[in-house]
Amino acid sequence: MEQIYKQLKQFGHIRLNESLSKHTTFKIGGPADFFIEVSEVTKLSKLLSFISSEGIEYFIIGCGSNLLFSDERYEGAVIKVKSSKLKVQGSDTIVADTGVLLSQVVLEASKNSLAGLEWAAGVPGTVGGAVRGNAGAFGKNTSDCLEKVEIWRDGEILELSHKECGFAYRESDFKYSKDVLLRAWFKLVQGEKKAIAKAMQEYLKLRTGRYPAYPNAGSFFKNVKLEKWSDKTSDLPEVFRKRGSIPAGWLVEQSGMKGFTIGGAKVSEEHGNFIVNFNQATQSEVLQVVEAVKEKVYNKFGVELEPEVEIV
């Protein structure tokens, strides 16, 4: 391990036996053999090629949101991407390293009177995480304005078009491959700065008071597509019918599960689609809450909730 440690130092800041609970918004996770922070795309590519050649397992994180790590040791390398290059290209495109915060891209778009990402105001996480999970809110998705990406794949740097990314609701092909996102190109539209700022403020207001104070991973479950709803859709609120989906938080709340607790994990009192770590919760306790919520929602509505959070 000492020899590998010395070689890994050339790619970024490295720590041994680093607790992953320090690097996830859920504040849950056991130690990793190697924890490496990489701030340049070139070094990230070289690091990935090196550890692949050495047969070392790896996992990529950004801000650590949307993740629930095991309390057991991660045998391999956890790589935190901190690449930060961000620029406007041409009149309507923003190019961002995948270590850039999504909120920074939103602000850059606003400064340059570019519309299309207002819904992401206040969304945590990095560009890489947003693209990988096709993050979204209020009926909008990251893929709506993504033109192309640059990736590392088996030692090669490739560009993939939007169509080659396999986007679906909260999904992309990157969740099921060893491809690693390096950069993303957002194709936006010219708009009025005041109108963009106003829209951002409106989206932020919708989030105010609904985000829990305790550590969490963000929205835990995917919203349910209307076509999976077995009851009469006319009984649903009109806004759900317009968006074509039923919020998972609404289903959890209607099932009476807000505040449901096991150990140090519970369903948030503020929002039904957040599971919070209010008292040194373990992954096991969170997953027990998850299963109880899924069972209650299924018994009441006949729909199966699917996790949006990645369970490692």
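## Around D179

Apart from its neighbours within four places in sequence, D179 touches I151, W152, R153 and F174. With R153 there is also a polar contact: the two side chains are joined at 2.9 Å. Keep in mind as you look that this is a predicted model.

Is D179 buried or exposed? Its relative accessibility is 15%, and buried means under 20%, so D179 counts as buried.

## Two residues with positive phi

The loop between β12 and β13 also holds R170. Here the backbone is worth a look: phi of R170 is near 55 degrees, a positive value in a residue that is not glycine. R170 has a relative accessibility of 5%, so it falls below the 20% limit and counts as buried.

Now move to F138, in the loop between β9 (136-137) and β10 (140-141). Phi of F138 is near 55 degrees, again a positive value in a residue other than glycine.

## The chain as a whole

The chain has eight helices and 20 strands. Its C-alpha trace spans about 60 × 50 × 30 Å along the principal axes.

How does the radius of gyration fit with a compact globule? For 312 residues, such a globule would have a radius near 20 Å, and the chain has 20 Å, so the two agree. Contacts tell us about the fold as well: among those between residues at least 6 apart in sequence, 62% join residues at least 24 apart.

## Surface and charge

What share of the 312 residues counts as buried? The answer is 48% of them. The chain exposes about 14,900 Å², and carbon and sulfur atoms supply 48% of that area.

Finally, have a look at the charges. There are 41 positive and 40 negative side chains in the chain. The centres of these two sets lie 6 Å apart.

Notes. Residues numbered from 1 in each chain as written. Predicted model: local features only at pLDDT ≥ 70, side-chain atom pairs only at ≥ 80, totals over all residues. Heavy atoms only, no water. Helix = DSSP H or I, 4+ residues; strand = E, 2+ residues; numbered from the N terminus. Rg over C-alpha atoms; globule rule 2.2 N^0.38 Å. Buried < 20%, exposed > 50% of the residue type's maximum accessible area, 1.4 Å probe, protein only. Contact = heavy atoms within 4.5 Å. Areas by Shrake-Rupley, 256 points an atom, 1.4 Å probe, with all protein chains shown as cover. Lys, Arg positive; Asp, Glu negative; His and termini not counted. Charge placed at Lys NZ, Arg CZ, Asp CG, Glu CD. Polar contact = N/O pair within 3.5 Å; in protein donor to acceptor, adjacent residues only side chain to side chain.
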